[in-house]
Amino acid sequence: MKNRIKEYREQFGLSQGKLAEKCNVSRQTINAIENNKYDPSLQLAFDIAGTLGVTMEDLFILEKEGKRNG
């Protein structure tokens, strides 16, 4: 799952550390999520979206593994 966390975070002038603080996680966690090395829990995903003031749909991009017929 890809995300647009860095894009929105920078748009709102937040550092990784500040976003992490607001979401009660480490800066390293935010960094790993931004770099698609870690998928956040559902709760953390909602916390990040809420902190950034965007919807989950705007923040996360579900990648489809293959095309489905029908």
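This is a predicted model: local features need pLDDT of at least 70, side-chain atom pairs count only at pLDDT 80 or more; totals for chains, interfaces and linings use all residues.
Reader: Let's take helix H2, then; which of its residues are buried?
Author: Helix H2 covers residues 16-23, and its buried residues are Gln16, Leu19, Ala20 and Cys23. Seen down the axis of H2, these buried residues fall within an arc of 100°, so they line one face of the helix.

Reader: And what do the buried residues of H2 pack against?
Author: They pack against three helices, namely H1 (5-11), H3 (27-34) and H4 (42-52).

Reader: What comes after H2?
Author: H2 is followed by Asn24, a residue whose phi is positive, near 60°. There is also a residue with positive phi just after H3, where Asn36 takes a value of about 55°.

Reader: Changing topic, how many salt bridges does the structure hold?
Author: The structure holds three salt bridges. In one of them the side chains of Arg9 and Glu34 meet, at 2.5 Å from N to O. Arg9 lies in helix H1 and Glu34 in helix H3, so this pair ties together parts that are 25 residues apart in sequence.

Reader: Are Arg9 and Glu34 buried or exposed?
Author: Arg9 counts as buried, because its relative accessibility is 7% and the cut-off for buried is under 20%. Glu34 is buried as well, with a relative accessible area of 11%.

Reader: What about Glu21, which residue does it form a salt bridge with?
Author: Glu21 forms a salt bridge with Lys18, and the closest N and O atoms of the two are 3.4 Å apart. Both residues lie in helix H2, three residues apart, which is about one turn of the helix. Glu21 counts as exposed, at 53% relative accessibility, whereas Lys18 is partly exposed, with a relative accessible area of 36%.

Reader: And where does Arg4 come in, I mean, which side chain does it meet?
Author: The side chain of Arg4 meets that of Glu7 in a salt bridge of 2.7 Å, N to O. Glu7 counts as partly exposed, at 41% relative accessibility, and Arg4 is likewise partly exposed, with a relative accessible area of 28%.

Reader: Back to Gln16 for a moment; what polar contacts does its side chain make?
Author: Gln16 has its place in helix H2, and this residue is buried, with a relative accessible area of 15%. Its side chain makes a polar contact of 2.8 Å with the side chain of Glu34, and another polar contact, of 3.5 Å, joins the side chains of Gln16 and Asn31.

Definitions and conventions
Residues are numbered from 1 along each chain as its sequence is written. Side-chain values use heavy atoms; hydrogens and water are left out. Buried means under 20% relative accessible area, exposed over 50%, partly exposed in between (1.4 Å probe, protein chains only). Helices (H or I, at least four residues) and strands (E, at least two) are DSSP runs, numbered from the N terminus. The arc is that of the directions from the helix axis to the C-beta atoms. Contact means heavy atoms within 4.5 Å. A salt bridge is a side-chain nitrogen of Lys or Arg within 4 Å of a carboxyl oxygen of Asp or Glu. A polar contact is a pair of N or O atoms within 3.5 Å; within protein, one must be able to donate a hydrogen and the other to accept it, and residues adjacent in sequence count only if both atoms are side-chain atoms.
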